[in-house]
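User: I want to know what lies behind each label used for this model. Please set every value against its cut-off.

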Amino acid sequence: MMDEVIRRVRRSVAALVLVGLVVAPWVVDDYTAAILARTLALALVGVSVALLTGVAGMPTLGQTAPYAAGAYACAVVGSQISDVGVVQLVVAAGAGAVLAALTVPLVVPARGVIVLMITLAICELVVTVLGRWRSVTGGTDGLAGIAAVRPFWGLPALASDQARYLYTLVVVATLVGAVLLLLRTRVGLVLRAGRDDETRLRASGHRVPLYLSGAHILAGAIAGAAGSLLVVAQQYISPADFGFDTSALLLLGVVIGGTASVGGALVGAALVIAVRDWLFGVLPGHAPLVLGVLFVATVYLLPSGVKRVRGPRDRSQPPTVPPSRPDATPARDHATVPELRA
Amino acid sequence: MIAVAAGANRIDPYIIPALDGVAYGLLVFVAAAGLVFCFGVANILNLAHGTLYAIGGYTAAALLDGGWLSLALALAVGVLAAAAAGVLLAGLLTPVATGNHLTQALLTFGVALAGGSLLVAGFGPDDPQVRVPAALDGSVVVAGHRYAAYRLVFIVVAAVIATALYLTVRRTRAGMLVRAAVDDPEMVACMGVSPGRIRAGVLAAAGALAGAAGVLGAPIIGPGADTADTVLLLSLVVVVLGGLGSMAGTLLAALAIGEIQTLGVALLPSAAPFLLFAAMAAVLAARARGLATSWRAT
Amino acid sequence: MTCLLQAQDVSVRYGSLAALTGVDLCVHDGQRHALIGPNGAGKTTLLNVIGGSTKPQRGSVRFAGRNVGRLGPAARARRGINRIHQRPAVFPTLTATENVVVAALPRVIRRRRWWPGGTRRTAQHRAGSLLEQMGLADVAAVPAGHLAHGQRRQLEIAMALAGRPRLLLLDEPAAGLSATEVGRLVDLLRALPRAVAVLLVEHRLDLVYALSDTVTVLRDGRTLAAGTPDEIRTSPLVRQAYADGVS
């Protein structure tokens with residue numbers, strides 16, 4: 001019963017948000033359009049969080065790390081090498097992927113809540129590095145005055161906030177579409193199987209660490225691309241954009257959206273970020289308090305969103321066998337599963 | 001003679017950072033012990049752990065007036081307040097106790113957000129000054145260098161706390177239960193003690209440790225807007241580096257982090273931002289297999 | 001005739017408990033080999049050693065002429081050792097078809113690596129015929145978590161066969177099945193192609209005698225006897241072991 005209600009609520013909210021996203025630039029002012037563009041970029045990071053947390057079963061608090069890597073790479077390229085959006089996107093995605101690849105040995109062997117811990121440490125360390133590596137990142141002051149992007153060679157630079165918003169929207173839609181298509185192939189099937197029961201997947205001859213590394217790097221590339229969009233939207237970045245509170249907000253958004261659902265993650269993350277921005281606008285000073293209380297309340301209100309499914313793991317195996325990833329088995333919501341099914 | 005003098009000179013500038021590293025490392029150890037405890041026994045990733053430390057720090061800043069009595073008072077109040085906050089957190093966790101770790105971690109993050117905001121509202125947005133007891137305010141001479149007396153005393157006190165912690169875990173019945181629970185999380189459930197009480201006890205103890213670290217460490221990692229984040233990060237890195245298996249591992253990891261943050265920065269200022277990363281990568285690579293196994297066992 | 005699977009001098013200890021001590025085992029191509037013995041004799045441990053989920057302290061495991069001792073379960077599965085667990089291990093949120101497709105993929109990918117659309121279709125096709133063969137065609141679209149125990153067992157067999165194994169490890173496949181289901185299981189296993197060798201651990205001796213052509217008896221982690229079902233049935237040594245070990 002409750003599940004049915006939640007499913008309906010989710011669907012109508014998702015539809016409303018999607019319609020709103022498309023008509024937004026014509027009905028809001030410049031400032032709001034810029035904020036919305038940033039929200040979209042963060043929602044794309046949310047998609048990468050969902051890919052790891054919900055689909056691959058590796059709950060993460062560290063996706064702001066490749067997001068930051070992508071953003072800074074894009075900012076450096078944008079101000080010194082090329083103002084072409086496609087180039088910046090590729091560079092940013094590459095930077096995110098490289099950072100994710102470098103952290104694979106830290107993340108992939110771990111399971112469950114340990115992944116949360118390690119990814120959180122990585123995220124915080126990246127923010128620390130950003131604050132101290134002044135020669136490249138500008139330290140805590142950040143990088144400002146990044147030239148406006150032109151989407152493709154020969155096209156004019158995007159001069160207005162509306163244009164930049166639409167550019168962001170197109171890129172996000174394209175990347176989300178690509179992720180959805182990918183999940184319909186055998187890649188998505190195997191990832192879901194691994195989340196169900198990793199030991200069983202190994203027993204069938206699948207190279208599980210390879211898939212998990214692949215998912216981690218792919219999620220890093222997506223978050224990196226989102227970083228490039230942040231640069232386009234704000235034309236200014238600083239370490240404050242990538243703090244771990246952002247990671248936690250995105251994770252909450254993904255859980256609200258149904259954890260395993262890419263569309264749900266997009267909408268959930270966008271909603272959570274929008275609420276945060278709105279709160280900081282209307283309640284300067286007390287926003288974190290209200291946000292924290294809302295956070296706790298939301299967690300309480302998500303009984304079915306956080307239901308845990310355990311794969312059968314106890315097959316009287318001796319203690320040397322690594323168990324399946326029960327802790328990683330994330331919230332699973334049947335309402336959103338069919339979207340991913342081929 | 002000359003060679004010896006030159007050698008001494010080469011080492012000389014690094015004595016003070018190295019000593020600072022020990023103080024820093026012991027502080028991080030006491031703070032991280034609470035997180036390890038909470039995670040190992042109750043299996044909760046407490047993202048509000050840094051906030052518990054900050055409670056101790058703000059208490060110290062508010063109560064210390066340069067006298068010994070105020071230090072004792074601050075320590076008592078700070079420990080009690082942080083322990084009470086831990087119990088409150090345990091109470092908030094009760095409705096989601098049967099949920100997954102993700103939910104619990106998110107909930108503790110919400111509490112950290114709200115708690116940090118309350119602390120800033122209560123004590124002001126500026127980083128407050130901390131006054132150490134007047135008798136410790138000066139400096140003493142260590143190997144020909146002047147060194148803050150408070151830090152030297154802190155090293156001794158923190159070493160005493162660490163030893164006491166070690167003896168408690170090794171020698172007492174409660175400590176035995178803790179070790180057993182870390183080894184086999186399901187065991188506690190079989191003992192017939194209500195999980196809610198275990199959670200409350202564990203979070204209270206973790207809060208007390210963090211609170212004590214916060215009060216005593218206030219002159220080293222002082223209270224401020226970033227304190228909670230800093231302490232949480234350092235504690236997390238300690239857990240990642242040291243694992244959950246042994247106190248010795250935790251202590252070594254904490255001391256290593258202390259030295260990296262002080263001596264490492266003095267030796268390699270340009271590489272400073274990457275040192276913690278490099279340390280994490282190096283340790284994990286060195287014991288990748290063992291660590292992976294021990295993580296899986298948790 | 002050389003062995004398809006050859007385990008030599010395998011010893012496994014858990015702390016002070018010796019689970020296996022110097023066990024040798026040889027399974028030929030296409031053989032139906034049964035492992036029997038009282039509880040705690042080390043049968044499942046031996047299957048774990050062969051499957052790769054337990055590393056023995058001593059001894060070697062060779063498969064198809066190559067040493068596989070250092071390989072994990074996944075690598076051994078890719079080489080042709082597939083396994084059925086005591087409790088059916090399936091992916092609960094995936095449909096029956098998807099379960100078999102996932103199990104078939106590693107083999108299919110090897111053959112048609114550069115044909116992205118083809119791999120899944122091939123696997124899908126194979127899954128369909130295997131489900132049909134197991135009598136699961138009408139539950140093909142049901143999530144495996146919703147299947148009955150017996151159906152899950154059959155699904156797991158389909159998954160194991162989807163990997164085109166040369167050696168199938170069966171760990172008490174009849175456990176928890178009804179009489180009819182056991183009958184169907186026996187028919188299924190009898191109908192397995194001769195290209196597949198079977199190593200069966202089973203408590204029910206009637207099934208062992210019905211299915212196997214060679215029997216090895218373990219007791220207290222050591223090989224007690226080996227021979228044809230008839231030899232084992234009449235061996236006084238084995239009777240003695242069962243009288244002592246089975247209450």
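The questions below go through confidence, folds, strands, domains and the chain contact.

User: What kind of model is this, and how are its parts numbered?

Analyst: It is a predicted model, in which local features need pLDDT of at least 70, side-chain atom pairs count only at pLDDT 80 or more, and totals for chains, interfaces and linings use all residues. Residues are numbered from 1 along each chain as its sequence is written, while chains are lettered from A and ligands numbered from 1 in the order in which they are written.

User: How do you know what confidence chain C has?

Analyst: From pLDDT, the predictor's confidence in each residue, from 0 to 100. Chain C averages 86. In chain C, 94% of the residues score at least 70. Helix 9 (residues 236-245) of chain C is lowest, at a mean of 71. Strand 8 (residues 197-201) of chain C is highest, at 93. For the model, ipTM is 0.84 and pTM is 0.84.

User: What counts as a helix or a strand in chain C, and how many are there?

Analyst: Both are DSSP runs, numbered from the N terminus: helices are H or I with at least four residues, strands are E with at least two. Chain C has nine helices and 10 strands. Chain B has 13 helices and two strands.

User: Why does the radius of gyration of chain C agree with a compact globule?

Analyst: The radius is taken over C-alpha atoms, and the globule rule is 2.2 Å times the number of residues to the power 0.38. For 247 residues the rule gives a value near 18 Å; chain C has 18 Å, so the two agree. The C-alpha trace of chain C spans about 55 × 40 × 35 Å along its principal axes.

User: Why is Leu188(C) called partly exposed?

Analyst: A residue is buried with 20 or more other C-beta atoms within 10 Å of its own, exposed with 12 or fewer, and partly exposed in between; C-beta atoms are placed from the backbone. Leu188(C) has 18 such neighbours, so it is partly exposed. Leu188(C) lies in helix 6 (residues 179-190) of chain C. In chain C, 48% of the 247 residues are buried. In chain B, 48% of the 298 residues are buried.

User: Leaving aside neighbours within four places in sequence, what is Leu188(C) in contact with?

Analyst: Contact requires C-beta atoms, placed from the backbone, within 7 Å. On that basis Leu188(C) touches Met134(C) and Ile157(C). Asn48(C) is 140 residues away from Leu188(C) in sequence, and 24 Å away in space, C-alpha to C-alpha.

User: How much of the contact in chain C joins residues at least 24 apart?

Analyst: Among contacts between residues at least 6 apart in sequence, the share in chain C is 66%. In chain B, residues 24 or more positions apart account for 77% of the contacts with a separation of 6 or more.

User: What makes strand 1 of chain C a partner of strand 2 of chain C?

Analyst: Two strands pair if DSSP finds at least two bridges between them. Strand 1 (residues 5-14) and strand 2 (residues 17-27) of chain C have seven, and run antiparallel. Ala7(C) stands opposite Leu25(C) of strand 2. Their hairpin has two residues between the strands, and Gly15(C) there takes a positive phi near 60 degrees.

User: Which other pairings follow in the sheet of chain C?

Analyst: The open sheet has four strands, in the order 2-1-4-5, with antiparallel pairing. Strand 2 and strand 5 (66-67) of chain C are the edges: each has a single partner strand, so one side of each lacks a neighbour in the sheet. Strand 1 and strand 4 (residues 58-63) of chain C share five bridges. Leu5(C) has Phe63(C) as its bridge partner in strand 4. Strands 4 and 5 of chain C are joined by two bridges. Here Phe63(C) stands opposite Arg66(C).

User: How is chain C divided into domains?

Analyst: The bounds come from an automatic or database domain assignment. Domain 1 covers 1-80 + 165-247, and domain 2 covers 87-164. Their C-alpha centres lie 25 Å apart. Each domain gives 10 residues to the contact. On the side of domain 1, helix 2 (73-79) and helix 6 of chain C give two or more residues.

User: What residues form the contact of chain A with chain C?

Analyst: Chain A gives 26 residues and chain C gives 30 residues. Helix 8 (186-196) and helix 9 (198-203) of chain A each give two or more to the side of chain A. Helix 8 of chain A has the largest share, six residues. By class, that side has nine nonpolar, eight polar and nine charged residues. Nonpolar means Ala, Val, Leu, Ile, Met, Phe, Trp, Tyr, Cys and Pro; charged means Asp, Glu, Lys and Arg; the others, Gly among them, are polar.

Conventions: Contact = placed C-beta atoms within 7 Å.
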